[in-house]
Amino acid sequence: MGKLNVNLCGIELDNPVIPASGTFGYGYEYAELYDINELGTFSFKGTTREPRFGNPTPRIAECTGGMINAVGLQNPGVEQVIGSELPELKKCFHKPVMANVSGFSVADYAYTCQRLDKEEQVGWLEVNVSCPNVHGGGMSFGTQPEAAAEVTRAVKAVTTKPVIIKLSPNVTDIVSIAKACEEAGADGISLINTMLGMRINLNTRKPIIANKMGGFSGPAIFPVALRMVYQVASAVKIPVIGMGGVSSAEDVLEMMMAGATAVEVGAANLVNPFACRDIIRDLPRVMEKYRIEKLTDIIGGAI
C-alpha cells in the first residue's frame with residue numbers, strides 16, 4: 001500500500017485530504033456520519049472577530065458544473081468558537097485542526113488569529129484574504145500584494161503557529177500576491193478560493209442571489225485552480241495547499257503534481273458528505289494505477 005502521509009508546515013498529516021472551510025462546519029456535524037479522524041485535517045468554518053448573520057437570502061444558486069454561494073461568512077464569532085465549537089469538536093476529532101480566519105480590517109485579522117493561536121487544538125491558521133461574498137473585507141485585502149502582505153505581517157507578529165494565506169483567483173496576477181505574502185513571512189499559501197459568478201432568474205429578470213454575485217465553485221473551476229496552483233508553486237518556496245473543484249483521488253494527484261503539498265475539497269462535500277472519506281479510501285488504488293509509492297514523491301512533479 002502506498003504511503004499517503006505528508007508534512008504541512010512542520011505538522012505531519014496521515015494523508016493530504018482536507019475539507020475546505022465553509023463546507024465542513026466545525027467538524028462535529030460530519031462526525032455523526034463517519035470517523036472524521038480519517039481526514040488529514042479540516043479547515044473549519046470561516047471565523048470573524050464578531051458574530052455574523054451573513055448575507056440576505058437567497059444565497060445559493062445552482063449552475064452547470066458547480067454552484068454559486070453568497071453566504072457571507074455566517075459564524076458565531078471567535079469567542080463562541082473558542083468557548084463552544086472547539087470543545088465540542090474535541091470530543092470527536094483528535095488531530096490538529098486548521099482555523100480559517102476572515103476580517104474587515106488588519107486589526108480584526110490580528111485579533112482573531114491571536115485568540116485562536118492560543119488554542120491547543122489549532123495546528124494552522126488559514127487566513128482568508130479572498131472571500132468574494134462580503135463588502136469591505138475578505139477579498140479586498142487579497143487583490144493587492146501590499147494589502148495581502150500587510151495582513152500577513154500583522155498576523156505573524158502575534159502568532160506562533162503556521163500561517164497559511166488563502167488567495168483569491170479574482171485577480172490578474174496571483175503570483176505577485178503569493179510572493180508578497182511569502183516575503184511578509186507566510187508559512188504557506190492556499191488557493192484558490194471561489195471565482196466570482198452570478199445567475200439570473202429568467203422569470204423575474206433579476207439576479208437569483210440577493211447579493212447579486214457570489215462565489216462560483218465546483219468541478220468546472222478545477223482547470224483554473226490547477227493552473228494557478230502550478231504558477232504559485234513554481235514561484236514560491238513555502239508549501240502550497242491546492243483547492244478548487246477537487247472531487248476525486250485523481251484530482252488530488254493532479255494538484256500535488258502541480259505543486260500542492262496538501263489538497264482541500266470544498267463543494268464536493270455539499271453534494272456528498274462522504275466525499276473526502278471516499279477520496280482518501282480511493283487514493284491507494286489510484287496510486288497503484290499510476291505506480292506511485294509515496295505521495296511526497298509527486299509534489300511538484302509536473303513543474
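Here are a few friendly notes on two residues of strand 7 and on helix 6 in this predicted model.

1. Let's start with Glu126, which sits in strand 7 (residues 122-128). Glu126 is buried but forms no salt bridge.

2. What does the side chain of Glu126 make a polar contact with? The partner is the side chain of Asn100, at 2.9 Å. Leaving aside residues up to four places away in sequence, Glu126 also touches a list of others, among them Ser21, Ser43, Ser190, Met243 and Glu264.

3. Trp124 is in strand 7 too. Its relative accessibility is 0%, so Trp124 counts as buried. A polar atom of the Trp124 side chain lies 3.0 Å from the backbone oxygen of Leu8. Beyond residues up to four places away in sequence, the contacts of Trp124 include Cys9, Ile11, Leu13, Pro96, Val97 and Pro162.

4. Which residues of helix 6 are buried? They are Phe222, Ala225, Leu226, Met228, Val229, Val232 and Ala233. These residues lie on the same side of helix 6, because they cover an arc of only 170° around the axis. Their cover includes helix 5 (174-183), strand 9 (188-191), strand 14 (240-243) and helix 7 (249-257).

Methods:
Residues are numbered from 1 along each chain as its sequence is written. This is a predicted model: local features need pLDDT of at least 70, side-chain atom pairs count only at pLDDT 80 or more; totals for chains, interfaces and linings use all residues. Side-chain values use heavy atoms; hydrogens and water are left out. Helices (H or I, at least four residues) and strands (E, at least two) are DSSP runs, numbered from the N terminus. Buried means under 20% relative accessible area, exposed over 50%, partly exposed in between (1.4 Å probe, protein chains only). Lys and Arg count as positive and Asp and Glu as negative; His and the chain ends are not counted. A salt bridge is a side-chain nitrogen of Lys or Arg within 4 Å of a carboxyl oxygen of Asp or Glu. A polar contact is a pair of N or O atoms within 3.5 Å; within protein, one must be able to donate a hydrogen and the other to accept it, and residues adjacent in sequence count only if both atoms are side-chain atoms. Contact means heavy atoms within 4.5 Å. The expected span of a helix is 1.5 Å times one less than its number of residues. The arc is that of the directions from the helix axis to the C-beta atoms.
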